[in-house]
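Some points on this entry follow, for checking against the coordinates.

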Amino acid sequence: MAGTKRISVGEVAQHCSPSNCWVVINEHVWDLSEFAPKHPGGCDAILRYAGQEASQAYNEVHASDLISKALTANELVAQDTFSEKAWKFYSSGATDMLSVKANRSLYDRNWFRPRLLRNVRDVSTKCTVQGVECSLPVIVAPVALAKLANPIGETGIAKAAASRGIFHCVPITASGPGEDIISDVPFPATVFFFQLYVAKNRAVSESLLRRVWELGIRTLFVTIDAPVAGKREADEKVKAQEMIAMPMTGTRSREDGTGSGLTRTTGSFIDSSLCWDDLTWLKAQWPGKLVIKGIQSVEDAQIAAEAGVSGIVLSNHGGRNLDTSPPGLLTLIELQRHLPSILSHVEVYVDGGVRRGTDILKALCLGAKAVLVGRPFLYSLAYGENGPQHLIDIFQAELEAAMKLVGITDLSQARPAFVNTHDLDHLVVKDVRAPAAHVIPQSKI
Ligand code: HEM
Ligand SMILES: Cc1cc2nc3c(=O)[nH]c(=O)nc-3n(C[C@H](O)[C@H](O)[C@H](O)COP(=O)(O)O)c2cc1C
């Protein structure tokens, strides 16, 4: 555990409503606001203890470790172990958090259409991402400053991902230099991707890309959905106890008159003038594979595909930038409706709110090649070195079970016909301006 923070009874008592529901179970504080409506034993069984001690009610019907097993990393044990600043930085989203909530809830509105009696005794979750085999279609999303959760930070996640055979996308915003993160990991650098924000000073980005290439990393994710940092109120309101640095961006946190938002104060290096024309420059700097992260419309997906990128990530940045920007899942359904052919031309990944094996399977059935998972990996660090591994194991077990229950034994069998998206179909735009057929646009869209 990354140190335990003590929370007073009085503080717990203030979180006593359905939307803000903390309970104490066996001496740990849990924020069950999101879980209560999904509780198999009914929402009321939990809400009646909101803001209170609930150990007796819980222990009478549940094994003591059920809650940590069921909510490990998917939920909030992190909250009583992380510093308040870390917690607010990780969990916050833009303004009213509507995109954060929608990222989760849209998965819950798709229903499977299982096909049965299909001999599902042996199942494989293996697949390829950018031509390299992995054990699970889950990529660790680039998430900043993992050392705020635990001193093992990004290295802890990297080791777990590599040992379990999944990819880790190391962010430019990591708490240590890329060299430190991957040098301790006894696996080839090809299991890593690197995520770049293009800097105002292009020479700085060029030199960083050379370093990344020398490390042996061959796939670059360029994030395009953050020309400016989102307004994350929870993060802004909490002062950092100490100065926080990002070695690869060269920026540091600071208190200013507006608040102490970590992304805002450390993100000042990002070039907000970046545009599609700059892909030519980017490709000249990076001889490897290029993936664009942050696509939110079929039009931009097509522009990226025509520009010859190797992959796109449908993402609203975990709901952290533009509130009411579309969940990646909705953009995926938009692609299915308006440009399904793109799914066989570039690898399409999806992120935002993926928390269960069933979520992964739904995304794959709808055409995604893999999903990215962000916050759960940060939260899993509350359990130390074993946390990220355990999280991957849970995803593995849940995906295998979901595949068997839906009636497939290999991910290549995942098809749209296994998912009923009817409840979301009306949310997809009806008409899109037909993107140019073959031309790479030369101007900003
Ligand atoms: C505040 C107290 C409680 C907490 C925190 C809690 C938490 C949980 C958790 C974490 C799960 C597992 C969910 C999963 O696997 O996804 C669960 C399942 C369940 N809970 Fe509760 N629970 C509480 C009280 C109760 C009470 C009082 C009842 C019944 C009177 C109840 C009935 C059930 C049932 C039937 C299930 C599904 C079967 C099972 O896994 O045992 N729970 N609960
Ligand atoms: C604390 C935090 C920091 C993040 N930092 C970055 C980053 O530096 N670069 C980036 O491209 N995305 C960043 N993201 C977005 C993630 O890559 C990913 O899109 C998002 O977390 C997926 O949603 P999820 O957290 O619901 O899984 C960050 C997300 C979080 C939660």
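1. T331 is a residue of helix 14; helices (H or I, at least four residues) and strands (E, at least two) are DSSP runs numbered from the N terminus. T331 counts as buried because its relative accessibility is 0%, where buried means under 20% relative accessible area, exposed over 50% and partly exposed in between (1.4 Å probe, protein chains only). Neighbours within four places in sequence aside, T331 touches I295, Q296, S297, L314 and P326; contact means heavy atoms within 4.5 Å.

2. On provenance: this is a predicted model, in which local features need pLDDT of at least 70 and side-chain atom pairs count only at pLDDT 80 or more, while totals for chains, interfaces and linings use all residues. Residues are numbered from 1 along each chain as its sequence is written, chains are lettered from A and ligands numbered from 1 in the order in which they are written, and side-chain values use heavy atoms, with hydrogens and water left out.

3. Helix 13 (residues 298-306) and helix 14 (residues 328-338) have axes that come within 9 Å and cross at roughly 75°. Axes are lines fitted to C-alpha atoms, for helices over the stretch in contact, and angles run from 0 to 180 degrees between N-to-C directions.

4. The contact is made by V298, E299 and A301 of helix 13 with E334, L335 and H338 of helix 14.

5. Which way do the residues of strand 15 point? In strand 15 (residues 311-314), G311 and V313 point one way and I312 and L314 the other, and all are buried.

6. Strand 15 runs parallel to strand 14 (residues 289-295), joined by 4 bridges, and I312 is the bridge partner of I292. Two strands pair if DSSP finds at least two bridges between them. The chain passes from strand 14 through helix 13 to strand 15 in a right-handed β-α-β crossover, that is, clockwise from the first strand over the helix to the second with the strands pointing away from the viewer.

7. Strand 15 also pairs with strand 16 (residues 347-351), in the parallel sense over 4 bridges; V313 has Y349 as its bridge partner there. Helix 14 lies on the chain's path from strand 15 to strand 16, and this β-α-β crossover is right-handed.

8. The order 8-9-10-11-14-15-16-17 forms a closed barrel of 8 strands with parallel pairing. Neighbouring strands of this sheet are turned by 30° against each other on average, direction ignored.
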